[in-house]
Amino acid sequence: VMIAAGANQNVGETRMDLIYKNNNIFRDIIKQVMQSGFQGIFIIATNPVDIMTYVTWKYSKLNSNRVIGTGTTLDSSRLRHEIGQELNISPKNVHAYVLGEHGDTEFVPWSNATIGLTDISEFIEEEKRKNIEDKVRNMAYDIIKKKGNTSYGIGMSLTRITNAILGNENTILTVSSYDNENDVFIGEPTIINNEGAFKKINLNLTNEEQEKFNNSVKILKDAIEKIKE
């Protein structure tokens, strides 16, 4: 079951501003789906997606591997596209991810980014990498400002996740999956197959990158506490 229902993100609103509206909507949806005897997999696209994925898990009482958010899959695709454009190389040969909250605290762990097998620092200088990261982080705001909503990019991400599940692909995607250590759903590289979010792939982050990840976790945990209140 794929859920994209929820209040629209208006110009000037952050994804987190939608949390209370969409929590109420999800409570009703999940209740009705589970009353049908559903034992499948939920895929969540509604923003703030990491929080709504957590809410779905709590309301459904399913195992955490059976609840998946789109996370930073779209952000990671945008990142590879932008790097590919910059270097005139296929995005398929760009190995880089966006991690963390799908929102203002997401970040790129450049220490793990490569072109083919070569460290990305050999191709793109630090200042340019920062510009690309900022562009990717703010792209949704630009789209909303111009046409009022985002739809096609996230639609492709939903299709990609669905195919990975139905095809039992064991492919790695930066979905919003459950982080047991921090008790949040957050964008991290995760193996996706017909069991859902099968296994996380641990990355070796620099101290600075780990701080950014911890900041994302804190933002999500604070938001979850607000819902509980």
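**Notebook: a strand pair, its sheet and a helix crossing**

I began with strand β10, residues 190–193, and found four bridges joining β10 to β11, the two running antiparallel. The model I am reading is a predicted one. I then looked up one bridge by residue. Thr-190 has its bridge partner in β11, and that partner is Lys-200.

Then I moved to the helices. I wanted to know at what angle the axes of α2 and α6 cross. For α2 (residues 49–60) and α6 (residues 207–228), I noted a crossing at roughly 50°, with the axes coming within 10 Å. The two helices are therefore oblique to each other. I logged the hand of the crossing as right-handed.

Last, I listed which residues meet there. From α2 I wrote down Asp-50, Ile-51, Tyr-54 and Val-55. From α6 I wrote down Leu-220, Ala-223, Ile-224, Ile-227 and Lys-228. I sorted the residues of this contact by class: seven are nonpolar, two are charged and none is polar.

Conventions: Residues numbered from 1 in each chain as written. Predicted model: local features only at pLDDT ≥ 70, side-chain atom pairs only at ≥ 80, totals over all residues. Heavy atoms only, no water. Axes fitted to C-alpha atoms, helices over the stretch in contact; angles between N-to-C directions. Parallel < 35°, antiparallel > 145°, perpendicular 65-115°, else oblique. Left-handed = near helix turned anticlockwise from the far one by under 90°. Contact = heavy atoms within 4.5 Å. Nonpolar A, V, L, I, M, F, W, Y, C, P; charged D, E, K, R; others polar. Pairing = 2+ DSSP bridges.
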